[in-house]
Amino acid sequence: MLATRTIIGFVVGSIIIGIGVYSLVTGLGFQTIEVDETFETGESTSYQISANKGAQQEMKIMAEKFDLKLSSPGGDPEIPMTSFAKEETFRWAHLEDGVTRIQIHNTGSSEMQILATLNITPDPILFTYHLIVIISGIVIIGFSMGFTLRKPKGF
């Protein structure tokens with residue numbers, strides 16, 4: 001018969017392993033992020049979009065006036081600091097693996113809204129974090145199994 005502590009440890013360890021495996025599986029491939037942000041007059045923002053070759057990106061900016069600078073891996077598109085008015089939509093695909101950098105500054109007298117659909121590649125360190133969670137669950141199960149061992153006579 002298993003001890004109560006062993007059963008509790010086995011259940012907790014199994015839950016932790018399940019969470020780690022689920023996170024590991026869902027963290028593979030592109031991650032799609034929906035952005036909906038609003039900025040007041042004079043505010044600035046920047047984005048760094050890390051993605052693999054072929055990742056499709058889309059950004060719609062609505063403001064009275066704004067300045068934008070965009071640099072993408074592979075050099076297409078490459079937009080130096082340029083002023084835009086009203087509404088602009090930018091669509092592009094990464095030509096190479098790398099990071100797209102975008103700087104936006106609201107220069108108008110009203111607020112600026114940014115709507116974007118970004119396909120990013122998760123940080124590789126997250127893979128290691130998920131493995132550590134799985135290993136933690138295995139260790140918990142291992143320690144809890146030690147509670148089922150019978151103590152030798154004399155202890």
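Which residue in strand 6 is the bridge partner of M59? The partner is A116. The points below proceed from this pairing; please note that the model is predicted.

1. Pairing of strand 3 with strand 6. The contact between M59 and A116 belongs to a pairing in which strand 3 and strand 6 run antiparallel. Six bridges join these two strands.

2. Pairing of strand 1 with strand 6. Strand 6, residues 112-120, also pairs with strand 1, residues 31-39. The sense is again antiparallel, with nine bridges between strand 1 and strand 6. Within strand 6, I114 is the residue that stands opposite E37.

3. Salt bridge between E58 and R91. A search of the whole structure returns two salt bridges. In one of them, E58 is joined to R91, with 3.4 Å between the closest N and O atoms. Because E58 belongs to strand 3 and R91 to strand 4, this contact ties together parts of the chain that are 33 residues apart in sequence.

4. Salt bridge between E87 and K60. Here the side chains of E87 and K60 meet at an N to O distance of 3.4 Å. This pair likewise links distant parts of the chain, since E87 is in strand 4 and K60 in strand 3, 27 residues apart. E87 counts as partly exposed because its relative accessibility of 44% falls between the limits of 20% and 50%. K60 is also partly exposed, with a relative accessible area of 28%.

5. Stacked aromatic pair. How many aromatic pairs does the model contain? The count comes to two. One of them is formed by F66 and F84, which are stacked, with 5.5 Å from centre to centre and 25 degrees between the planes. This pair also connects distant parts of the chain: F66 lies in strand 3 (residues 56-71) and F84 in strand 4 (residues 78-93), 18 residues apart. F66 and F84 are both buried.

6. The largest pocket. Which residues line the largest pocket? The lining consists of L24, G27, L28, G29, T121, P122, D123, P124, L126, F127 and H130. The space in this pocket amounts to about 150 Å³. Helix 2, residues 125-145, contributes the largest share of the lining, with three residues.

7. By class, six of the lining residues are nonpolar, four are polar and one is charged.

How values were computed. Residues numbered from 1 in each chain as written. Predicted model: local features only at pLDDT ≥ 70, side-chain atom pairs only at ≥ 80, totals over all residues. Heavy atoms only, no water. 1 Å grid on protein atoms, 1.4 Å probe; cavity = no way out; pocket = protein on both sides within 12 Å on 5 of 7 lines; lining within 4 Å. Points joined across faces, edges and corners; volume = space filled by probe spheres on them. Helix = DSSP H or I, 4+ residues; strand = E, 2+ residues; numbered from the N terminus. Nonpolar A, V, L, I, M, F, W, Y, C, P; charged D, E, K, R; others polar. Phe/Tyr/Trp six-rings, centres within 6.5 Å; stacked < 30°, edge-to-face > 60°. Buried < 20%, exposed > 50% of the residue type's maximum accessible area, 1.4 Å probe, protein only. Salt bridge = Lys/Arg side-chain N within 4 Å of Asp/Glu carboxyl O. Pairing = 2+ DSSP bridges.
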